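The sequence and structure are shown first.

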Amino acid sequence: MTGSTDGSPHDFTHGAMRGSPHGGAIRTMGALTAGTLVAVTAYTVALGGDGRLWFGWVVLGLLTLAMAVTQS
């Protein structure tokens with residue numbers, strides 16, 4: 001399918017998540033952040049909370065959010 005520039009759902013020419021070189025990096029960071037959230041939550045349930053893990057996850061989440069905002 002080719003992209004259009006009329007703003008349709010298949011518009012691959014505008015936006016960070018659709019067609020720009022940084023879209024893959026943002027998706028990768030999002031997946032990493034979500035996976036880390038699952039891992040930290042599982043660790044907390046199994047072995048008890050660790051503030052350093054949650055702090056690290058918050059920092060990762062903020063970095064992912066900042067990256068997504070600056071690229072869009």
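## Surface and overall composition

The accessible surface of the protein amounts to about 5000 Å², and carbon and sulfur atoms account for 71% of it. The model is predicted. Of the 72 residues in the protein, 14% are buried.

The secondary structure consists of two helices and zero strands. Among the contacts in the protein with a separation of 6 or more, 35% are between residues 24 or more positions apart.

## Arrangement of the helices

Helix α1 spans residues 23-47 and helix α2 spans residues 51-71; their axes come within 10 Å and cross at roughly 160°. Because angles over 145 degrees count as roughly antiparallel, α1 and α2 are roughly antiparallel to each other. The crossing in which α1 passes α2 is left-handed.

## The contact between α1 and α2

On the α1 side, the contact is formed by A25, I26, M29, G30, L32, T33, T36, L37, V40, T41, Y43 and T44. These residues meet L53, W54, W57, L60, G61, T64, M67, A68 and Q71 in α2. By class, the residues of this contact comprise 13 nonpolar, eight polar and no charged.

T33 lies in helix α1. Its relative accessibility is 10%, so T33 counts as buried, the cut-off being under 20%. Apart from neighbours within four places in sequence, T33 is in contact with W57, L60, G61 and T64.

Definitions and conventions:
Residues are numbered from 1 along each chain as its sequence is written. This is a predicted model: local features need pLDDT of at least 70, side-chain atom pairs count only at pLDDT 80 or more; totals for chains, interfaces and linings use all residues. Side-chain values use heavy atoms; hydrogens and water are left out. Axes are lines fitted to C-alpha atoms, for helices over the stretch in contact, and angles run from 0 to 180 degrees between N-to-C directions. Helices (H or I, at least four residues) and strands (E, at least two) are DSSP runs, numbered from the N terminus. Angles under 35 degrees count as roughly parallel, over 145 as roughly antiparallel, 65 to 115 as roughly perpendicular and the rest as oblique. A crossing is left-handed if the near helix is turned anticlockwise from the far one by less than a right angle, and right-handed if clockwise. Contact means heavy atoms within 4.5 Å. Ala, Val, Leu, Ile, Met, Phe, Trp, Tyr, Cys and Pro count as nonpolar, Asp, Glu, Lys and Arg as charged, and the others, Gly among them, as polar. Buried means under 20% relative accessible area, exposed over 50%, partly exposed in between (1.4 Å probe, protein chains only). Accessible areas come from the Shrake-Rupley method with a 1.4 Å probe; for residues, only the protein chains shown count as cover.
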